[in-house]
Amino acid sequence: LYDRDGWIWQDGEWCAWRDAKVHVFTHTLHYGMGCFEGVRAYDGPSGTHLFRTAEHTRRLAESAHSLDMPLPFSEAELVDAQRQCLAKNKLSNAYLKPTVFFGAEGLGLRAQGLTTHVMVAAWDLGPYISPQAATHGLRALTSSWARHHVNISLCRAKTNGHYVNSMLALNTALKAGFDETIMLDPEGYVAEASAANVFLLRDGVLHTPEVTSCLQGITRDSVIQLAQQVLGIEVRERRMTRDELYTADEAFLTGTAAEILPLRELDGRRIGGRAGGPPVNEPISQASVTAQLQRLYRQAVRGELDDFRHWLTPA
Ligand code: PMP
């Protein structure tokens, strides 16, 4: 990722991609105190737009504020940096990573005299998620690693250090031959996947964990609004258990990078498979709520749903 053409916005200036370096004493590298966002831009019939960048940028500013990292740029300036980053790099479909980190002025935990730096990089995500995953769904393993607790970290902040826990869980699942992991909170209730929120459908109602241990996902919010306002489906945010996922009619994951991915199997139980039978490896039904939401989401990000045009910012 480091050896390529392009431009990175660093503290208000353009830096050639290859020269965008930090010192080895960068504080965030040592203790994980920092925050970031994952934002996407999509090309649609009316041009390239950033998707819900105002909400992402607000979450970034709130993460920095909660972490007590003074942000030297306004949200409007950061949205503008993202727009410029697309133009400067001639990108249309892109993934953007605005990131806030402490400088290398000192190594102490007191974080005294540290400067806060901000960078925005954008690149073409390419085939990040396999098309097969979107149609056939993922096989997941419940993690033995608990997700964060509200009194251990700031669960609403998208903090760099949180991802140690995500990687431990994901890598354990990958090594065991699964595609994803479902993490439980410290009390054993379903929290989220490694970098995505989780939903289940049962008897026509969608359920998703309340925002305690999981990130307050922006795709989660988009899906809630699309389900309620377009499909007229009730959504309940509440505690849920892993057996509710085993016995759900449908389940799926949501995230900016993942978009909407069906969960096909959890711990070897086929979801939507109460009647038993062998594991199946077929595309999900186009009539399923998951597939309907996938289609709506695809339209929304491309600016094809008039009622949700306000989610888009022209590049
Ligand atoms: N949970 C975690 C841990 C994540 O990293 C992400 C991705 N940002 C999500 C959930 C989904 O959030 P969003 O829909 O805002 O991308």
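1. Let me start with the ligand shell. By class, the shell around the ligand has 5 nonpolar, 8 polar and 2 charged residues. Please keep in mind that this is a predicted model. In total, 15 residues surround the ligand, and the closest are Leu 215, Gly 217, Ile 218, Thr 219 and Thr 256. Two elements each give two or more residues to this shell: helix H6 (218-229) and strand S14 (250-255). H6 provides the largest share, with 3 residues.

2. Next, the overall build. The protein chain holds 8 helices and 17 strands. Its radius of gyration is 20 Å, close to the 20 Å that the globule rule gives for 315 residues, so the chain is as compact as a globular protein of that length. Along the principal axes, the C-alpha atoms fill a box of roughly 60 × 45 × 35 Å. Of the 315 residues, 42% count as buried. Among contacts with a separation of 6 or more, 70% come from residues 24 or more positions apart.

3. Now the domains. The chain is divided into domain 1 (7-123) and domain 2 (131-304). Taken over C-alpha atoms, the centres of domain 1 and domain 2 are separated by 27 Å. Where they meet, 24 residues of domain 1 are in contact with 16 residues of domain 2.

4. It is worth looking at the domain 1 side of that meeting place. Strand S3 (34-36), strand S4 (39-44), strand S5 (47-51) and helix H2 (53-67) each supply at least two residues to the side of domain 1 that touches domain 2. H2 gives the most, with 6 residues. Sorted by class, this side of domain 1 has 9 nonpolar, 10 polar and 5 charged residues.

5. Helix H8 (residues 289-301) deserves a point of its own. At 1.5 Å a residue, its 13 residues should span 18 Å, and the end C-alpha atoms are 18 Å apart, which agrees. The buried residues of H8 are Thr 290, Leu 293, Gln 294, Leu 296, Tyr 297, Ala 300 and Val 301. What do the buried residues of H8 pack against? Their partners are S4, S5, helix H4 (131-136), H6, S14 and S15. Among these, S4 also supplies at least two residues to the side of domain 1 that touches domain 2, as does S5. H6 and S14, for their part, are the elements that give two or more residues to the ligand shell. After H8 comes Gly 303, with a positive phi near 75°.

6. Finally, two residues to check in the backbone. Asp 203 has a phi near 50°, a positive value in a residue other than glycine. Asp 203 lies in the loop between strand S11 (197-202) and strand S12 (205-208). Is Asp 203 buried or exposed? Asp 203 is exposed, because 6 other C-beta atoms lie within 10 Å, and a residue with 12 or fewer counts as exposed.

7. Glu 259 is the other one. Although Glu 259 is not a glycine, its phi is positive, at about 60°. Glu 259 is found in strand S15 (residues 259-266), one of the elements that the buried residues of H8 pack against. With 23 other C-beta atoms within 10 Å, Glu 259 is buried, because the cut-off for a buried residue is 20 or more.

How values were computed. Residues are numbered from 1 along each chain as its sequence is written. This is a predicted model: local features need pLDDT of at least 70, side-chain atom pairs count only at pLDDT 80 or more; totals for chains, interfaces and linings use all residues. Domain bounds come from an automatic or database domain assignment. Two residues are in contact if their C-beta atoms, placed from the backbone, lie within 7 Å. Helices (H or I, at least four residues) and strands (E, at least two) are DSSP runs, numbered from the N terminus. Ala, Val, Leu, Ile, Met, Phe, Trp, Tyr, Cys and Pro count as nonpolar, Asp, Glu, Lys and Arg as charged, and the others, Gly among them, as polar. A residue is near a molecule or strand if its C-beta atom, placed from the backbone, lies within 6 Å of it. The radius of gyration is taken over C-alpha atoms; the globule rule is 2.2 Å times the number of residues to the power 0.38. The expected span of a helix is 1.5 Å times one less than its number of residues.
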